[in-house]
Amino acid sequence: MSRDPLVVGHVVGDIVDPFITNASLRVNYNSKEMTNGSELKPSQVLNAPRVQIGGRDMRTLYTLVMVDPDAPSPSNPTKRENLHWLVTDIPETTEASFGNEIVPYESPRPTAGIHRFVFILFRQSVRQTTYAPGWRANFNTRDFSQIYNLGSPVAAVYFNCQRENGCGGRRCIR
């Protein structure tokens, strides 16, 4: 049985195919570094996070995709994958703020259940024009990667989020 948190959290399978991590991706919300499966509330993720890509070659470029595969609810994800952020041409050794924001950051606001919010990083082979999709709902990371010849992801990280006073998919009993 795999202990890879991306497999256990069904990121591999629901959003991407199995891949080998070979890039450094750090995501910080309000100076708190995310790890796979971190629990964050909507009030903690109002603003875009600081996303850092490690490395030594600023000529190497990356594309960052952030999606919610559990929209509108984990039990009925009819909007899978909801696109929350898309940034291209991020130079290695820098942050996402140095890239080209194609789709502006949309803060997570889950209404039912515990949602996974996933950051997927792709290494670009060339600088290219990337177009914003006409919608956020039903974005498909696999199709996007194929259309722009991005190949397999090189890194991914996810956090869990539920409404501010939520208690998972069940009704709170006090």
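Q: Two strands pair if DSSP finds at least two bridges between them. Over how many bridges do β1 and β2 pair, and in which sense?
A: This is a predicted model. In it, strand β1, residues 25-29, pairs with β2 in the antiparallel sense over 2 bridges.

Q: Which residue stands opposite Asn28 there?
A: Glu33 in β2 stands opposite Asn28.

Q: What sheet are β1 and β2 part of?
A: They belong to an open sheet of 3 strands, in the order β2-β1-β4, with antiparallel pairing. The edge strands are β2 (32-33) and β4 (50-53), and each of these pairs on one side only.

Q: Zooming out, how many helices and strands does the protein have?
A: The protein has 3 helices and 9 strands.

Q: In what pattern do they follow along the sequence?
A: The pattern reads α-α-β-β-β-β-β-β-β-β-α-β.

Q: Changing topic: what is between α1 and α2?
A: A loop, and Gly9 lies in it, with α1 at 5-8 and α2 at 11-14.

Q: Is Gly9 buried or exposed?
A: Gly9 counts as buried, because its relative accessibility is 12% and the cut-off for buried is under 20%.

Q: What does Gly9 touch?
A: Leaving aside residues up to four places away in sequence, Gly9 touches Arg116 and Tyr158.

Q: And how far is Gly9 from Leu40?
A: C-alpha to C-alpha, Gly9 and Leu40 are 15 Å apart in space; in sequence they are 31 residues apart.

Q: What about contacts across the whole protein, how many join residues at least 24 apart?
A: Among contacts between residues at least 6 apart in sequence, 74% join residues at least 24 apart.

Q: How does the radius of gyration compare with that of a compact globule?
A: The two agree: a compact globule of 174 residues would have a radius of gyration near 16 Å, and the protein has 16 Å.

Q: What box do the C-alpha atoms fill?
A: Taken along the principal axes, the box is roughly 55 × 35 × 30 Å.

Q: How much of the protein is buried?
A: Of the 174 residues, 48% are buried.

Q: And what is the accessible surface?
A: About 9,400 Å², with 49% of that belonging to carbon and sulfur atoms.

Q: Last one, on charge: how many positive and negative side chains are there?
A: There are 19 positive and 16 negative side chains.

Q: How far apart are the centres of the two sets?
A: The centres lie 6 Å apart.

Terms used. Residues are numbered from 1 along each chain as its sequence is written. This is a predicted model: local features need pLDDT of at least 70, side-chain atom pairs count only at pLDDT 80 or more; totals for chains, interfaces and linings use all residues. Side-chain values use heavy atoms; hydrogens and water are left out. Helices (H or I, at least four residues) and strands (E, at least two) are DSSP runs, numbered from the N terminus. The radius of gyration is taken over C-alpha atoms; the globule rule is 2.2 Å times the number of residues to the power 0.38. Buried means under 20% relative accessible area, exposed over 50%, partly exposed in between (1.4 Å probe, protein chains only). Contact means heavy atoms within 4.5 Å. Accessible areas come from the Shrake-Rupley method with a 1.4 Å probe; for residues, only the protein chains shown count as cover. Lys and Arg count as positive and Asp and Glu as negative; His and the chain ends are not counted. The place of a charge is taken as NZ of Lys, CZ of Arg, CG of Asp or CD of Glu.
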